[in-house]
Amino acid sequence: MHPRLESDDRLFTQVVLSAENPDLVGTTLSCRAVNLSVGGIQFRTNATVPPGSLLDLWVDVSSRPGKFFLAGEVRWSRPAGDDPGEEWFVGVQLKSGAATDIIDWRDYHANAYAR
């Protein structure tokens, strides 16, 4: 839906809600971004996170000081390789929220695409 920036930046995510797997709530995962856009993030992680799960995300973009605090919903999750227990790709659609850095995130992407 939006242009994407390839990335290998670190991010952390915490599961806020997961109807499919309630035991995940409160779990924090260390992840690596695959690509970033104004409306979403794709990342790799070593745990599956079911679609529909709500996440808080802290994204550490290497080209910018500080972290972005964002919120989003998992839209899809699939194995990253042949061994489904190893790593997973997860796609998250970002949500607007008063307590998040979504406005700064959008500004960051607008400037990144302008270069």
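This is a predicted model: local features need pLDDT of at least 70, side-chain atom pairs count only at pLDDT 80 or more; totals for chains, interfaces and linings use all residues.
Which residue in strand 6 is the bridge partner of Leu55? It's Gly72. Residues are numbered from 1 along each chain as its sequence is written, and side-chain values use heavy atoms, leaving out hydrogens and water.Back to the strands (DSSP runs of E, at least two residues, numbered from the N terminus, as are helices, runs of H or I of at least four). Strand 5 (residues 54-60) runs antiparallel to strand 6 (residues 68-79), with 6 bridges between them; two strands pair if DSSP finds at least two bridges. On strand 7 (residues 88-95), Gly72 has another bridge partner, Leu94, and strands 6 and 7 pair in the antiparallel sense over 8 bridges.

Now for the rings. There are 4 aromatic pairs in the structure, counting rings of Phe, Tyr and Trp (its six-membered ring) with centres within 6.5 Å; planes under 30 degrees apart are stacked, over 60 edge-to-face, and the rest tilted. In one of them, Phe68 and Trp105 have ring centres 5.0 Å apart and planes at 90 degrees, so this pair is edge-to-face. Because Phe68 sits in strand 6 and Trp105 in helix 1 (residues 102-114), the pair ties together parts 37 residues apart in sequence. Both Phe68 and Trp105 are buried, meaning under 20% relative accessible area (1.4 Å probe, protein chains only).

Trp105 also pairs with Tyr108, this time tilted, at 6.4 Å centre to centre and 35 degrees between the planes. Those two are 3 residues apart in helix 1, about one turn. Together, Phe68, Trp105 and Tyr108 make one aromatic cluster.

Key:
Buried means under 20% relative accessible area, exposed over 50%, partly exposed in between (1.4 Å probe, protein chains only).
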